[in-house]
Amino acid sequence: MQNYRPISLLPLISKILEKVIHDQTQTYLTKNDILYEYQSGFRKNYSTNYCLAYLSDLISKGFETGLYTGMILIDLQKAFDTIDHELLFEKMSYFGFSENVIKWFKCYLSNRKFLVNINNKSSDLESVTCGVPQGSILGPLLFLLYVNDMPQAVNSKLLLYADDSCILYQHKNIKDIEDHLNKDFENLCDWFVDNKLSIHFGEEKTKSILFGNKYRIKKENKLNISYKNIEIKQYSKVCYLGCILDETLSGESMALKVISKINAKLKFLYRKKTFLTTPLKRLLCNALIQPHFDYACLAWQGNLNQRLKKKLQVMQNKCIRYCLNLGPMSHIGLKDFLQIDWLSTKDRFLQCLCSTSFNYFKGSSPSFMAEIFEEAHQSNIGTRFSHLKLIQPKRKTNMGQNTLSFLGPQQWNKLPNDLKRQNTLNTFKHKLKDYFFGVLKSREDMGFL
């Protein structure tokens with residue numbers, strides 16, 4: 001008789017239990033509006049894309065009114081691993097968690113062991129006395145609770161994505177920006193000490209940047225930020241949540257990074273083309289290349305100059321030639337876009353804009369998007385379709401007119417109302433693509449293409 005090894009169900013049961021506790025905790029936090037409004041990490045309907053779009057819009061609107069924006073990007077050392085359990089439980093009690101729930105979490109975090117293995121030699125087992133388990137579904141949620149009171153330490157605007165944080169202050173006078181940021185940064189450092197977290201002050205870690213329009217930033221661009229004789233180095237461009245932001249928000253550095261990554265991946269795919277069918281080539285381009293065009297596009301594509309916009313389109317044309325087995329000099333026209341079912345980079349950007357507006361109307365976007373979009377009610381425009389329109393703000397400068405808060409309403413209000421009434425985002429995006437293709441066909445028929 002064949003022997004079978006018994007299968008332990010404990011890991012599966014543990015994962016199921018974690019998921020149940022996570023969902024119940026998340027429901028409690030959402031229902032009672034406990035989590036910090038500008039915390040975008042590990043939350044439903046929140047994302048890095050929304051966080052970066054909001055940040056870019058905030059800075060660009062400052063350009064419109066002649067404001068500089070000072071920003072400090074803060075890097076924490078091993079943030080998830082240094083959470084103090086007793087402090088965490090105290091905070092959970094403050095947020096209204098019952099004694100029994102806290103006891104369950106104490107049990108969840110206790111009796112965990114670790115060892116160190118170097119060259120196949122292991123240390124003795126030791127108890128884990130701090131930190132939350134990474135890789136688990138509950139670890140990130142517990143971290144959000146732990147840092148949820150961080151905003152109380154500052155008066156400037158604080159944006160969070162889990163442990164990636166930045167503080168911003170806007171003013172026409174750089175000295176005022178320095179004073180506010182230095183004071184808030186000192187308070188924040190004190191908060192980190194009190195909560196047993198530590199900042200990484202190393203090169204390219206915690207840093208500062210001053211944003212301003214290209215005319216004003218040339219005249220005065222020095223931002224003096226320090227903490228206990230440690231100078232926070234200022235940069236002309238920084239990377240936040242994977243998006244490169246330069247001091248004028250031109251988008252150039254991010255565009256060049258995207259073009260470089262696409263070039264490298266397309267060269268790799270060309271080396272494998274003999275093994276791939278056309279549908280598989282398209283699938284790989286959608287999976288490996290298209291995300292580079294899309295990621296945080298609302299934060300950097302709007303301000304690109306025509307030269308860089310053209311370069312992005314050239315890169316997409318190369319992808320189309322690869323997928324359709326066309327020659328390197330083949331012209332890419334509407335029939336090719338229709339065949340591969342891709343929108344141009346320009347229309348894809350507009351699709352992202354309109355999708356963001358759609359999510360706002362559906363209530364599927366972060367609460368802070370209400371600072372960017374405002375629904376036009378009947379008293380504003382006096383039509384029976386008023387609930388499907390956004391108020392178009394007045395902007396004088398090119399930078400102001402390239403913001404999400406300006407372009408979003410501008411493009412959304414142009415769409416037919418039956419298109420806006422779709423039930424799901426996926427259906428809306430497909431219908432919107434058909435609409436854009438229909439517009440292009442009409443223009444081609446009229447001889448404008």
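Entry 1. Does glutamine 290 count as buried or exposed? I found 10% relative accessibility, so glutamine 290 counts as buried. The cut-offs I used are under 20% relative accessible area for buried, over 50% for exposed and partly exposed in between, with a 1.4 Å probe and protein chains only.

A note on ground rules before I go on. This is a predicted model, where local features need pLDDT of at least 70 and side-chain atom pairs count only at pLDDT 80 or more, while totals for chains, interfaces and linings use all residues. Residues are numbered from 1 along each chain as its sequence is written, and side-chain values use heavy atoms, with hydrogens and water left out.

Entry 2. I stayed with glutamine 290, which lies in helix H10 (residues 290-294). Helices (H or I, at least four residues) and strands (E, at least two) are DSSP runs, numbered from the N terminus. The side chain of glutamine 290 makes a polar contact with that of aspartate 294, at 3.0 Å. A polar contact here is a pair of N or O atoms within 3.5 Å; within protein, one must be able to donate a hydrogen and the other to accept it, and residues adjacent in sequence count only if both atoms are side-chain atoms. Setting aside neighbours within four places in sequence, I found glutamine 290 in contact (heavy atoms within 4.5 Å) with Cys285 and Arg348.

Entry 3. I stepped back to the whole protein. I noted 19 helices and 12 strands, and 449 residues of which 48% are buried. The C-alpha trace spans about 80 × 75 × 50 Å along its principal axes.

Entry 4. Next I looked up the largest nonpolar core, which has 134 residues; Phe185, Tyr240 and Trp300 have the most contacts inside it. Such a core is a set of buried Ala, Val, Leu, Ile, Met, Phe, Trp, Tyr and Cys residues joined through side-chain atoms within 4.5 Å. Helix H2 (residues 48-64) gives the most to this core, with 9 residues. Serine 47 caps the N-terminal end of H2, with a side-chain oxygen 3.3 Å from the backbone nitrogen of asparagine 49. After H2 comes glycine 66, whose phi is positive, near 80°.

Entry 5. Which helices cover the buried residues of H5? I noted that the cover includes helix H1 (10-31), helix H3 (85-94), helix H4 (99-109) and helix H6 (174-194). In helix H5 (residues 138-146), 9 of the 9 residues are buried, so H5 is largely enclosed by the rest of the structure.

Entry 6. The largest pocket holds about 1,600 Å³ of space and is lined by 48 residues, with Gly302, Leu304, Gln306, Lys309 and Lys346 nearest its centre. The elements giving two or more residues to that lining include H2 and helix H12 (306-324). I also found 3 cavities of 30 Å³ or more, and about 90 Å³ of space lies in the largest cavity. On a 1 Å grid over the protein atoms alone, a cavity is a set of points where a 1.4 Å probe fits but cannot get out, and a pocket is an open set with protein on both sides within 12 Å along at least five of seven lines; lining residues have an atom within 4 Å of a point. Grid points are joined across faces, edges and corners, and a volume is the space filled by probe spheres set on the points.
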